[in-house]
Amino acid sequence: MNQPLNYRNTGFITSAPDIRHLPQDTGVEIAFAGRSNAGKSSALNRITDQKGLARTSKTPGRTQLINMFEVTQGCNLIDLPGYGFAQVPLELKIKWQKALGEYLQKRECLKGLVVLMDIRHPMKDLDQQMIFWAIESRLPVLVLLTKADKMKSGARKAQLLKVRESSKSFGGDVQIELFSSLKGIGLDQVRRKLDTWFGPELERQLMLAAAENGETYTGETLSDKSDD
Ligand SMILES: Nc1nc2c(ncn2[C@@H]2O[C@H](COP(=O)(O)OP(=O)(O)OP(=O)(O)O)[C@@H](O)[C@H]2O)c(=O)[nH]1
Ligand SMILES: [Mg+2]
């Protein structure tokens, strides 16, 4: 069992134009990617229960830098700028595509990718490209079909099944869930998935702490401990 993290403790660390300006490549990082306006920043705010942590906007292209947030030491969440926004000048698009590609391919501590897409327009070309990219790099992927509140319950379920069926062809570790920042749909599933991705880092820290105290780490988490 993984220790559930308290995502409410998440705080802002830094904004960077590219990986050279990010802090050390250590710990575990999980990135939120997706088309512009898909709801990445809103999802981060909902998961962390903090309205203004990541900046959101009705206008696509709000997030223009790699924004880093820390849940707890060594466990970071990344809000990436959106892709596929037609109004962005070509030169900027190319620059950002390069920075995004570099981030995904070179950032060693990146251990999971959340790809968000509007439930009404899922799996556009660039979304599929992101997923292929992740699979190639052996990164597990969580696809969130966002703004699920915009569809009636029946249509929503049908859409989920359809996307799950068509995603079997990806072949990698790809999980698909419904999500709504507005209604909290899928919130628990996302947090539990993040817990499993952050798990090894927390375990590593416990092992280190035990070694420093001259103890042997047995895999027993703090919550398993009875009062001794
Ligand atoms: N109805 C509904 N609207 C949402 C939901 N999530 C986000 N939105 C709206 O969608 C718009 C874009 O949300 P953002 O979170 O800023 O999207 P983003 O993916 O971070 O966008 P960029 O930073 O431009 O890439 C905002 O107007 C949000 O209020 C949701 O779950 N339901
Ligand atoms: Mg954003």
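## Contacts around Leu-145

Two residues are in contact if their C-beta atoms, placed from the backbone, lie within 7 Å. In this predicted model, Leu-145 is in contact with several residues beyond its neighbours within four places in sequence: Met-117, Ile-119, Pro-122, Gln-159, Leu-160, Val-163, Ile-176, Leu-178 and Phe-179.

## The nonpolar core

Leu-145 also belongs to the largest nonpolar core, which has 49 residues. Together with Ala-31, Phe-32, Val-114 and Val-115, Leu-145 is among the residues with the most contacts inside this core. Strand β5 contributes six residues, the largest share of the core.

## The sheet

Strands of a sheet pair through backbone hydrogen bonds, either parallel or antiparallel. Here, seven strands form an open sheet of mixed pairing, in the order β1-β3-β4-β2-β5-β6-β7. At its edges lie β1 (11–16) and β7 (174–178), each of which pairs on one side only. From one strand to the next, the twist averages 20 degrees.

Strands β2 (residues 28–34) and β5 (residues 110–118) run parallel and are joined by six bridges. Phe-32 has Val-114 in β5 as its bridge partner.

## Thr-72

Thr-72 is located in strand β3 (residues 66–72). This residue has 18 other C-beta atoms within 10 Å; a buried residue would need 20 or more, and an exposed one 12 or fewer. Thr-72 is therefore partly exposed.

Beyond its neighbours within four places in sequence, Thr-72 is in contact with Leu-5 and Asn-9. Thr-26 is 46 residues from Thr-72 in sequence, and the two are 13 Å apart in space, C-alpha to C-alpha.

Note on methods
Residues numbered from 1 in each chain as written. Chains lettered and ligands numbered in written order. Predicted model: local features only at pLDDT ≥ 70, side-chain atom pairs only at ≥ 80, totals over all residues. Pairing = 2+ DSSP bridges. Helix = DSSP H or I, 4+ residues; strand = E, 2+ residues; numbered from the N terminus. Axes fitted to C-alpha atoms, helices over the stretch in contact; angles between N-to-C directions. Core = buried A, V, L, I, M, F, W, Y, C linked by C-beta atoms within 7 Å.
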